[in-house]
Amino acid sequence: IRSSGGRIGALQAAAAQAKSTLTRVQEALPATMRDAVHAASFEADGVLTLLVDNGSTASRLRYALPDLLPKILNEAGEPAQKGRVQVRPRATARTQP
């Protein structure tokens, strides 16, 4: 039981860290882009990965990222050498017919 509790605790800590990172990244983004980013993480290789819903949003964010990255990193307080934007639509709840 302790080992499974340790795993659950580790997952809870990772989820809290991911939520904190997303919040800090969204605070650093312009208001028009905040809702577009639905996940953010700092990878061990020094890359900030941002997940967005669609390609047009990803393109706008990729274009703006070189100017935004220093501000994002300052707000987030994490080291990163570059940013990456990936398209990954949010999961939606399915309804039964």
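Two strands are taken to pair if DSSP finds at least two bridges between them, and in this chain Ala 39 stands opposite Leu 51 of strand β2. The model is a predicted one, in which local features need pLDDT of at least 70 and side-chain atom pairs count only at pLDDT 80 or more, while totals for chains, interfaces and linings use all residues. Residues are numbered from 1 along each chain as its sequence is written, and side-chain values use heavy atoms, with hydrogens and water left out.

**Overall layout**

- The secondary structure comes to three helices and three strands, where helices (H or I, at least four residues) and strands (E, at least two) are DSSP runs numbered from the N terminus.
- Read along the sequence, these elements follow the pattern α-α-β-β-α-β.
- Of the 97 residues of the chain, 32% count as buried; buried means under 20% relative accessible area, exposed means over 50%, and partly exposed lies in between, with a 1.4 Å probe and protein chains only.
- Among contacts between residues at least 6 apart in sequence, 57% join residues at least 24 apart, a contact being heavy atoms within 4.5 Å.

**The sheet**

- The three strands form an open sheet in the order β1-β2-β3, with mixed pairing.
- Strands β1 and β3 stand at the edges with a single partner strand each, so one side of each is left without a neighbour in the sheet.
- Neighbouring strands of this sheet are turned by 20° against each other on average, direction ignored; the axes are lines fitted to C-alpha atoms, for helices over the stretch in contact, and angles run from 0 to 180 degrees between N-to-C directions.
- Strands β1 and β2 pair in the antiparallel sense over five bridges, whereas β2 and β3 pair in the parallel sense over six bridges.
- Leu 51 is bridged on the β3 side as well, where its partner is Gln 86.
- The hairpin of β1 and β2 has four residues between the strands, and in it Gly 46 takes a positive phi near 80°.
- Six of the six residues of β2 are buried, so this strand is largely enclosed by the rest of the structure.
- Both faces of β2 are covered, with Val 47, Thr 49 and Leu 51 buried on one side and Leu 48, Leu 50 and Val 52 buried on the other.

**The nonpolar core**

- In soluble globular proteins, nonpolar side chains tend to be buried together.
- The largest nonpolar core here has 20 residues, and those with the most contacts inside it are Leu 29, Leu 50, Leu 61 and Ile 72; such a core is a set of buried Ala, Val, Leu, Ile, Met, Phe, Trp, Tyr and Cys residues joined through side-chain atoms within 4.5 Å.
- At least two residues of this core are supplied by each of α1 (2-28), β1 (37-42), β2 (47-52) and α3 (55-76), and the largest share, eight residues, comes from α3.
- Leaving aside neighbours within four places in sequence, Leu 61 is in contact with Leu 29, Met 33, Val 37, Leu 50, Val 52, Leu 68 and Val 85.
- Val 85 is found in strand β3 and is buried, with a relative accessible area of 6%.
- Not counting residues up to four places away in sequence, Val 85 touches Leu 50, Val 52, Ala 58, Leu 61, Arg 62 and Leu 65.
- Val 85 and Val 37 are 48 residues apart in sequence and 9.2 Å apart in space, C-alpha to C-alpha.

- His 38 is found in strand β1 and counts as buried, at 19% relative accessibility.
- A polar atom of the His 38 side chain lies 2.6 Å from the backbone oxygen of Arg 88.
- Beyond residues up to four places away in sequence, His 38 touches Leu 22, Leu 51, Val 52, Asp 53, Arg 88, Pro 89 and Arg 90.
- A search of the whole structure finds one salt bridge, defined as a side-chain nitrogen of Lys or Arg within 4 Å of a carboxyl oxygen of Asp or Glu.
- This salt bridge is formed by Arg 90 with Asp 53, the closest N and O atoms being 3.0 Å apart.
- The pair links distant parts of the chain, 37 residues apart, with Arg 90 in the segment after β3 (82-87) and Asp 53 in the loop between β2 and α3.
- Arg 90 counts as partly exposed at 41% relative accessibility, and Asp 53 is also partly exposed, with a relative accessible area of 27%.

Methods. Polar contact = N/O pair within 3.5 Å; in protein donor to acceptor, adjacent residues only side chain to side chain.
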